[in-house]
2 protein chains.
Amino acid sequence: MAQKVKLSTIADSLGLSTATVSLALRDSPLVAEVTRERIKCAARDLGYIYNRRAASLRTSRSGIVGVCVHDIMNPFFGEILKSVENELDRQRQTFILCNHHDDLAKQRSFVDTLLQLGADGLILSPAIGTPASDIRLPEENDLPVTLIARTVEGSGVLGFRGDDSYGMGLAVDHLVALGHRRIAMIGGTALTSTGRDREAGYLAALERAGIEFRPEWRIEGPRNRHSGFDAAATFLQIDNRPTAAACFSDLVALGFMYGLSRAGLRPGVDIAVTGYDDIDEAAIATPPLCTVSNGQSEVGRRAAEALLARLAGQPAADETILITPELRVRQSSDYNWPD
Amino acid sequence: MAQKVKLSTIADSLGLSTATVSLALRDSPLVAEVTRERIKCAARDLGYIYNRRAASLRTSRSGIVGVCVHDIMNPFFGEILKSVENELDRQRQTFILCNHHDDLAKQRSFVDTLLQLGADGLILSPAIGTPASDIRLPEENDLPVTLIARTVEGSGVLGFRGDDSYGMGLAVDHLVALGHRRIAMIGGTALTSTGRDREAGYLAALERAGIEFRPEWRIEGPRNRHSGFDAAATFLQIDNRPTAAACFSDLVALGFMYGLSRAGLRPGVDIAVTGYDDIDEAAIATPPLCTVSNGQSEVGRRAAEALLARLAGQPAADETILITPELRVRQSSDYNWPD
DNA sequence: CTGAAAGCGCTTACAG
DNA sequence: CTGAAAGCGCTTACAG
């Protein structure tokens, strides 16, 4: 590799100063049109590579936004990430991604890295057990935070998520309307706001329907496809088995349906099943999955917008914005009532 | 937020020089034990945040490794990423992730960003159509590249991937052994090494079995769950319909099986199906998916190891390492032969 | 419209 | 074992 090309290399080659070159490359109107063109040509010819570390050290703006969620492979986050990426791209911000897998230490080390890199902002779905102080730390060090999907009490920052309690209510109301009186809820944990709110929505819907909740109907824990699969075995052993299962997420529901099939039962025929999120796969699954659309692309877009607005100088807000979910009725909630 | 704490803040507070503080924080034996401890305490108390941009500008080492693949949500990459992450974590390297979605412009802009940030290395699954020069550019600018999953002719860098031709042969041989003589191949594209090699493996297996290939058996294109689903409709219209389908990937196979079910056929009973990758979901699917394990965690681990070795000064190698895949027989390849 | 000079916060020879 | 000083490659007032 040749000697490294820097601003001064270009400046020297044209007999200009680095100041002029720097301004020209960033399209400053202070530099004469002709000069600007000559400079840009030279930069291209010399294979100049802009050194962002140097620039960022000087300006204390890095153009980096961190995004940290528990599982980037979950299609639910996929959609959020896609819309976050769209917004950030538009503002020429680089986004760097982290998977914390609900591991607090991992989340902390990522936040540390962002601080060390002088990142401009953080979009975070906080790991289970995140204390408010873990969110105030970056805020106090000039790293603005926007929460998505989950929120943290007392964090004092803006958050965007679906109205989980209302959404779960939609699913359970639907099952009740179809005639079900014994309805289980599969998956989720009280350790996250999502889990708590969806469970609250489930319990409230039972109460609205005048159904008395039975503890064995609530199978806590599963949050991915595999544990949804395992939960089917547990479900099938419930005394006076429920005729319907409202699942914490589509992934859990899809795994749960695999589990039912494995046990020789037909989801949507022998057991009614609902999911949550309306991921792409829901519509093509066997049977098509009845679910609740969670507005994930709106969550992603608005979180990114809000963060960019703060970078542009808007003051911080301490508020949680709830996106209203919608029921998507599909065959998995059908059920053959015994005559 | 208070005034920013930097090395000199600590130095001043203790009446030392920044040189000593810098050395102490990085555990240099040059600094006396006692002094080191005093410095570390002070750093903690003052809430010091290490400025990596400044350090990196000085040392021209950033501690950043870029990882860029076409689809981070594909579970196949999930496993690769997990093992890459493990290796890099161990060396305290930060990894930043990019989804190029097979968009060359996007891939280029990510490589640019890495160059600007002074990244130490890049692990890349090259986008469709990546010219060798796009890989030599970073190499020539001190950004070593290691390829995964796909390779590029003439790129001159180290690559790790499964032996796709051999692996697809395993699947098709298995179908042949079960008695199938009309076998389709669903998905993949000749635009990637993976697609070309798996197709070659399919064709070679047919030839080994003395089966004459018919063009209508080859449904090119699908590379995700949704297009696998759509391909089922196409498949079902093939004249003298095949009794088995070897799919390009597990995602394609799982979508394809959904598509068969939607059309009222039973995958694994009416049509034998195989996948490729052996993702987690394969074992719990309905029916369990017969597939080829692709050694993805080995690919990820070895690619990361190789990159780290280069960062440690080892010379570049121009070689493609093939990991040997293994067949995983499961029920989706069963088939009810008409008596 | 262009240039000379200072400074962002580190690390690294070098000196003592 | 510790300190003074230069320099990484930019950008930004300031001067002309």
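Me: Before we start, how are two copies laid on each other here?
Reply: Copies are superposed by least squares on the C-alpha atoms of residues with pLDDT of at least 70 in both. The model is predicted.

Me: What makes the relation of chain A to chain B that of a two-fold axis?
Reply: Look at the turn and the shift. Chain A can be laid on chain B by a turn of 180° with a shift of 0.0 Å along the axis. The RMSD is 0.1 Å. That is the relation of a two-fold axis. In chain A, the C-alpha nearest the axis belongs to A:Met73, 2.3 Å away from it.

Me: How do you know that the same surface serves both copies?
Reply: Check which contact residues recur. Of the contact residues of chain A, 98% recur in chain B.

Me: Which residues meet between H4(A) and H4(B)?
Reply: From H4(A) come A:Arg53, A:Ala54, A:Ser56 and A:Leu57. They meet B:Arg53, B:Ala54, B:Ser56 and B:Leu57 in H4(B). The residues of this contact divide into four nonpolar, two polar and two charged.

Me: What makes A:Glu319 partly exposed?
Reply: Its relative accessible area is 42%. Buried means under 20% and exposed means over 50%. The value for A:Glu319 lies in between, so the residue is partly exposed. A:Glu319 sits in the loop between helix H13 (296–311) and strand S11 (320–323) of chain A. Leaving out residues up to four places away in sequence, A:Glu319 touches A:Val157, A:Leu158 and A:Gly159.

Me: Why is A:Arg198 called buried?
Reply: The cut-off for buried is under 20%. A:Arg198 has a relative accessible area of 4%, so it is buried. A:Arg198 belongs to helix H9 (residues 193–208) of chain A. Beyond its neighbours within four places in sequence, its contacts include A:Asp164, A:Phe248 and A:Asn294.

Me: How do you know that A:Leu206 is buried?
Reply: Use the cut-off again. A:Leu206 has a relative accessible area of 1%. That is under 20%, so A:Leu206 is buried. This residue is also in helix H9 of chain A. Not counting residues up to four places away in sequence, A:Leu206 touches A:Val172, A:Ile183, A:Ile211, A:Phe213 and A:Trp217.

Me: Is A:Asp142 buried or exposed, and what makes it so?
Reply: Its relative accessibility is 53%. Exposed means over 50%, so A:Asp142 counts as exposed. A:Asp142 lies in the loop between helix H7 (132–140) and strand S4 (145–148) of chain A. Its phi is near 70°, a positive value in a residue other than glycine.

Me: Why does B:Ala149 count as buried?
Reply: B:Ala149 has 11% relative accessibility. That is under 20%, so B:Ala149 counts as buried. B:Ala149 is in the loop between strand S4 (145–148) and strand S5 (158–162) of chain B. Its phi is positive, about 70°, although B:Ala149 is not a glycine.

Note on methods:
Residues are numbered from 1 along each chain as its sequence is written. Chains are lettered from A and ligands numbered from 1 in the order in which they are written. This is a predicted model: local features need pLDDT of at least 70, side-chain atom pairs count only at pLDDT 80 or more; totals for chains, interfaces and linings use all residues. Side-chain values use heavy atoms; hydrogens and water are left out. Contact means heavy atoms within 4.5 Å. Helices (H or I, at least four residues) and strands (E, at least two) are DSSP runs, numbered from the N terminus. Ala, Val, Leu, Ile, Met, Phe, Trp, Tyr, Cys and Pro count as nonpolar, Asp, Glu, Lys and Arg as charged, and the others, Gly among them, as polar. Buried means under 20% relative accessible area, exposed over 50%, partly exposed in between (1.4 Å probe, protein chains only).
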